Amino acid sequence: EIAMDNKIDSQMMIDVSSNVFVSRNITLFGSIRNVTNESFIVSRRPAGLRPGMPRNFQIGLKAVF
């Protein structure tokens, strides 16, 4: 059982992603993690409180040769 001083609250993080097929061999993609940019604790151990990931954007191009 987890001691009360080591417990953390449950959280929900919203992520979105999308792909756009430009051609048979090329795909554009994008994603946003933690859309709401909420601050939250994910862990208390091994080195104290650890924050969750802040909002993060990623875009890219996939090509198949």
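**View A. A nonpolar patch on the surface.** Val20, Val22, Ile26, Leu28 and Leu61 make up a nonpolar surface patch, and together they have about 420 Å² of accessible area. Patches are built from residues with over 30% relative accessible area and no salt bridge, joining nonpolar side chains (Val, Leu, Ile, Met, Phe, Trp, Tyr) within 5 Å and like charges within 9 Å. A salt bridge here is a side-chain nitrogen of Lys or Arg within 4 Å of a carboxyl oxygen of Asp or Glu. Accessible areas come from the Shrake-Rupley method with a 1.4 Å probe, and for residues only the protein chains shown count as cover.

Please keep in mind that this is a predicted model: local features need pLDDT of at least 70, side-chain atom pairs count only at pLDDT 80 or more, and totals for chains, interfaces and linings use all residues. Residues are numbered from 1 along each chain as its sequence is written, and side-chain values use heavy atoms, with hydrogens and water left out.

**View B. The open sheet.** Three strands form an open sheet in the order β1-β2-β5, with antiparallel pairing. Its edge strands are β1 (16–21) and β5 (56–63), each of which pairs on one side only. From one strand to the next, the twist averages 10°; axes are lines fitted to C-alpha atoms (for helices over the stretch in contact), and angles run from 0 to 180 degrees between N-to-C directions. Strands (E, at least two residues) and helices (H or I, at least four) are DSSP runs numbered from the N terminus. Two strands count as paired if DSSP finds at least two bridges between them.

**View C. The β1 and β2 hairpin.** Strand β2 covers residues 26–33 and pairs with β1 in the antiparallel sense over six bridges. Follow the chain from β1 to β2 and you pass through a hairpin of four residues. Val22, one of the patch residues, is found in the loop between β1 and β2. Val22 counts as exposed because its relative accessibility is 52%; the cut-offs are under 20% relative accessible area for buried, over 50% for exposed and in between for partly exposed (1.4 Å probe, protein chains only).

**View D. Where β2 meets β5.** Eight bridges link β2 and β5, again in the antiparallel sense. Ile26 stands opposite Ala63 in β5. Ser31 lies in strand β2 and is buried, because its relative accessible area is 18%. Apart from residues up to four places away in sequence, Ser31 touches Val16, Ser17, Asn56, Phe57 and Gln58; contact means heavy atoms within 4.5 Å.

**View E. Asn56 and Phe57 in β5.** Asn56 is found in strand β5, and Phe57 lies in strand β5 too. How exposed are these two residues? Asn56 counts as partly exposed because its relative accessibility is 30%, while Phe57 counts as exposed because its value is 60%. Setting aside neighbours within four places in sequence, Asn56 is in contact with Ser31, Ile32 and Arg33, and Phe57 with Ser31 and Ile32. Asn56 and Ser43 are 13 residues apart in sequence and 20 Å apart in space, C-alpha to C-alpha.

**View F. Two asparagines with positive phi.** Asn34 lies in the loop between β2 and β3 (41–43), and Asn37 is found in the loop between β2 and β3 as well. Phi of Asn34 is near 55°, a positive value in a residue other than glycine. Asn37 is not a glycine either, yet has a positive phi of about 55°.
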